[in-house]
Amino acid sequence: MGRFLLAVLRRDLTLAARRRGDWLIAQFFFVMTASLFPLGVGPEPEMLARIGPGVLWVAATLASLLSLSRLFADDHHDGSLEHMVLSPEPTVLLVLGKSLAHWLIYGIPLLLIAPVLGIQFNLPWDAILTLEISLLLGTPILSLLGAVGAALTLGLRGGGVLLTLLILPLYVPALIFGAGAVDGVMAGTGAQAHLSLLGAFMVLSLMIAPWIAAAALRVSLE
Amino acid sequence: MNLYTFSSPVNFYHLSGKLIPWFTGLAILFTAVGLYISFFVAPTDFQQGEAYRIIFIHVPAAWMSMFIYLVMAFWGAIGLAFNTRMSFMMARALAPTGALFTFLALWTGAWWGKPMWGAWWVWDARLTSELILLFLYVGIIALWAAIDDVKRGDRAGALLTLIGAINIPIIYFSVKWWNTLHQGASINLMKAPTMAKTMLIGMLVMAFAAWFYTLAVAFMRVRGIILERERQSEWVKAILEKD
């Protein structure tokens, strides 16, 4: 079982390494969306620090959705996905491996870029540190729940937009707890409660989402 | 005849055909009585004046919007577990009514909020979670609309309803917490003054009206779905030729 998970992981990471453009798009989307806000609301440092955590978190959710529409689509297109689902290994592990690979490809670079954007938004250092922790706990939720949406919309026309419509409402708790943690640090109330709840939501998603996504994948491939 | 008789589309088609006039009649009756109580019997609220009467529509609509989602999740789970065709059809038939009630709750809430709070919309926990519930309904209906294959659409919709149902309590509490931390509106809906008995009765009667309305329209819609899906079968052909 562990070997299967590793094989899925290694395969997706190799594919991502061979096609760097694909996942860089999501990262640039993240940077650009976040950079548009100062242009829209004005460059006052106090206001930017006020809206910064929320803006960065919203941009992170949108960037994850952008990359999620391709989570199963490429493998579905060339037929390899059906073979992987038909294999004797559990589909749950396939989904888990792919979600994990998505998180490594999309979440880790995001974590590296986020501090730079935090400086752009005039966030203090302790807020940036909390932003990093909240993204570390929160981005796996986005990958796990997003896998459900990607499996449900597999091969549909307009699948990408539909995925956004289905999954964004489910992201709400992650957004609230994630941005709330950073706000808490800046307001002086501390981030621990938010981060604990975010962690709990992450564990819950880890336990439930792969099963639902696996069921959705089987439904979509029938 | 046993418990499973009406899980067959043909039997349910005939049963719902007989029940719809009753439910429609009851819905009209309860609406008439409920509106009479809300406009003529219930006293004017000493704090909120006449405008409070909108809650006779608003509260039942909000109740139904949440209840219908739970019923959809229930039928979705039954359908996925036992592979029963009728369950998925019921879920599909209920969704538009659920979305309608969610929209009504939001709309009447805005009408109520303007004279009470002086704002059409505040980011109150209940309003926000109701809005997210509307998004969930829209997502499910959009997913059904995008999938042409009936079987795949049924199951995909049921899975989405289920994960939404798991998520709704988390969404509600996160939004509630977010709201208290942000100190947005200083109005606390939970501390509403105790209600006069006639007001409560009026609201319950209107809730029954909403209930029977839902049953009537959901059954009408499910009959349409049954006819569409069973169009190859002999009994549907017989019905269509007769009319």
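**Exercise 1. At what angle do helix α8 (residues 159-187) of chain A and α4(B) pack, and how far apart are their axes?**

Before you start: this is a predicted model, where local features need pLDDT of at least 70, side-chain atom pairs count only at pLDDT 80 or more, and totals for chains, interfaces and linings use all residues. Residues are numbered from 1 along each chain as its sequence is written, while chains are lettered from A and ligands numbered from 1 in the order in which they are written.

*Solution.* 
- Step 1: α8(A) and α4(B) pack at an angle of about 150°, and their axes are 9 Å apart. Axes here are lines fitted to C-alpha atoms, for helices over the stretch in contact, and angles run from 0 to 180 degrees between N-to-C directions.
- Step 2: That angle makes α8(A) roughly antiparallel to α4(B) (over 145 degrees; under 35 is roughly parallel, 65 to 115 roughly perpendicular and the rest oblique).
- Step 3: Now for the residues in contact (C-beta atoms, placed from the backbone, within 7 Å). α8(A) brings A:L162, A:L165, A:L166, A:P169 and A:V172. On the α4(B) side, look for B:I132, B:F135, B:L136, B:V138, B:G139, B:A142, B:L143 and B:A146.
- Step 4: Sort them by class, and you get 12 nonpolar, one polar and no charged. Ala, Val, Leu, Ile, Met, Phe, Trp, Tyr, Cys and Pro count as nonpolar, Asp, Glu, Lys and Arg as charged, and the others, Gly among them, as polar.

**Exercise 2. Describe the side of chain B that touches chain A.**

*Solution.* 
- Step 1: Start with the tally: 24 residues of chain B are in contact with 23 residues of chain A.
- Step 2: Find the helices involved. α4 (125-146) and α5 (150-182) of chain B each supply at least two residues of this side, and α5(B) gives the most, with 15 residues. Helices (H or I, at least four residues) and strands (E, at least two) are DSSP runs, numbered from the N terminus.
- Step 3: Check the classes: 19 nonpolar, three polar and two charged residues.
- Step 4: Zoom out to the whole chain. Chain B has seven helices and zero strands, and of its 243 residues 40% count as buried.

**Exercise 3. Which residues does A:S64 touch, not counting residues up to four places away in sequence?**

*Solution.* 
- Step 1: Go to helix α3 (residues 45-68) of chain A, where A:S64 lies.
- Step 2: A:S64 is buried, because 27 other C-beta atoms lie within 10 Å.
- Step 3: The residues touched are A:Y106, A:T139, A:L142, A:S143 and A:G146.

How values were computed. Contact = placed C-beta atoms within 7 Å. Buried ≥ 20, exposed ≤ 12 C-beta atoms within 10 Å, placed from the backbone.
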